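Welcome! Here is a short briefing to read alongside the sequence and the 3D view.

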Amino acid sequence: MIKMKKALQIGIMLDLAIVPLWVFRAVEKIIHSEFAEIRLVIYNRKPETKPDHSAHSTVYHWHKRLDQFIFRNGTDSQKTVNLPQALEGVPAIRVNLELPDPFHEISASQLDLVLNFSSFPVNSSHLIPTRFGIWDYQVEGQNGPGSDLMAYWHMVHKNPAIGIVVRSFNGSHERAIIHRSWISTNYNSIHLNVEHVCELAILIIPRLIKGIYLHGPEFFDRLKSDCKTTENEEDAGTLLPVSNLQAIKALFTISARILYRKSVYTDKFTWSVILQ
């Protein structure tokens with residue numbers, strides 16, 4: 001494998017200049033690295049409408065707030081921050097991503113890859129004028145790691161692991177998974193599940209870019225060959241909202257689960273380990 005001759009030229013796709021903290025931290029790692037440079041910011045001219053959180057029950061929202069208070073760990077990866085402070089001097093363009101060929105405007109930038117942190121669902125029919133495609137980070141078929149609803153249902157149904165993939169769209173109907181991993185589901189907390197998934201995103205994305213920089217295109221080809229797309233890794237669609245009845249039942253179930261563990265594991269150190 002041959003090391004790249006220069007740092008990879010990166011573009012990032014955003015809906016707005018205000019981003020979740022996990023995106024800010026991932027971008028910051030790239031900015032301060034020797035293996036990549038952010039050369040272009042691409043704003044979605046027509047960002048997706050934010051989901052209507054009022055569709056979820058009052059009990060669900062109350063459960064989330066209580067959960068975040070009880071299991072607070074000093075970080076909040078969903079807290080919004082102003083990204084342009086870290087991107088001073090980087091050119092920015094606005095693109096209507098709903099056009100048939102929305103990415104022709106970035107051809108002149110000669111980017112090696114684009115990181116999609118926007119709500120726009122890139123698909124294999126788009127022509128991608130980059131060397132290593134456009135990457136997105138999916139958690140159980142949902143774009144981005146910040147889906148507290150995904151974390152909620154995994155916790156409620158006691159699904160043992162949360163699946164995470166990084167996908168690359170290279171045009172010509174080519175979509176490839178270049179990373180796949182799982183984290184253990186925390187059966188007690190929505191907040192901790194979301195935090196764990198966000199922390200993994202901050203770790204994995206820069207690490208993959210660094211691998212290409214150190215080992216060249218062959219490393220990227222090996223990533224694609226090592227990870228095969230399976231049927232259950234297709235886009236999962238929109239998660240259903242939580243009704244009041246479901247939320248009440250889940251709240252009682254999880255409370256009983258926590259109280260049972262508290263009664264069995266009385267040692268404070270062991271109890272702390274179980275919760276975290």
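**A first look**

Trp 62 lies in helix α2, and that helix is a handy place to begin. Please keep in mind that this is a predicted model.

- How exposed is Trp 62? With a relative accessibility of 48%, Trp 62 counts as partly exposed, because the exposed class begins over 50%.
- Trp 62 and Ala 247 are 185 residues apart along the chain, yet 9.6 Å separates their C-alpha atoms.
- Helix α2 covers residues 58-70, which makes 13 residues. From its first C-alpha to its last α2 reaches 18 Å, close to the 18 Å expected at 1.5 Å a residue.
- Which residues of α2 are buried? They are Val 59, Tyr 60, His 63 and Asp 67. These four lie on the same side of α2, because they cover an arc of only 95° around the axis.
- Turn to the other side of α2 and you will find Thr 58, Arg 65 and Phe 69, which are exposed.

**The neighbours of β1**

- Strand β3 (residues 36-44) pairs with β1 in the parallel sense, over 7 bridges. Within β3, Val 41 is the bridge partner of Ile 12.
- Strand β6 also runs parallel to β1, and 4 bridges join the two. Two places to look are Gly 11, which stands opposite Val 114 in β6, and Met 13, whose bridge partner in β6 is Asn 116.
- Both faces of β6 are covered, with Leu 113 and Leu 115 buried on one side and Val 114 and Asn 116 buried on the other.
- β6 pairs with β7 as well, in the parallel sense and over 2 bridges. Here Val 114 stands opposite Ile 134 in β7.

- Rolling a probe the size of a water molecule over the atoms shows where empty space is left.
- How many cavities of 30 Å³ or more does the structure hold? The count is 1, and the largest cavity has about 60 Å³ of space.
- Its lining is made up of Leu 115, Asn 116, Phe 117, Trp 135, Asp 136, Tyr 137, Val 166 and Ile 205.
- β6 (113-116) and β7 (134-139) each supply at least two residues of that lining. β7 gives the most, with 3 residues.
- Sorted by class, the lining of the largest cavity has 6 nonpolar, 1 polar and 1 charged residues.

**The second largest pocket**

- The second largest pocket has a volume of about 240 Å³.
- Its lining takes in 14 residues, and those that lie nearest its centre are Met 4, Lys 5, Lys 6, Asp 112 and Arg 131.
- By class, the lining of the second largest pocket has 5 nonpolar, 3 polar and 6 charged residues.

Terms used: Residues numbered from 1 in each chain as written. Predicted model: local features only at pLDDT ≥ 70, side-chain atom pairs only at ≥ 80, totals over all residues. Heavy atoms only, no water. 1 Å grid on protein atoms, 1.4 Å probe; cavity = no way out; pocket = protein on both sides within 12 Å on 5 of 7 lines; lining within 4 Å. Points joined across faces, edges and corners; volume = space filled by probe spheres on them. Nonpolar A, V, L, I, M, F, W, Y, C, P; charged D, E, K, R; others polar. Expected span 1.5 Å × (residues − 1). Buried < 20%, exposed > 50% of the residue type's maximum accessible area, 1.4 Å probe, protein only. Arc of directions from axis to C-beta. Pairing = 2+ DSSP bridges.
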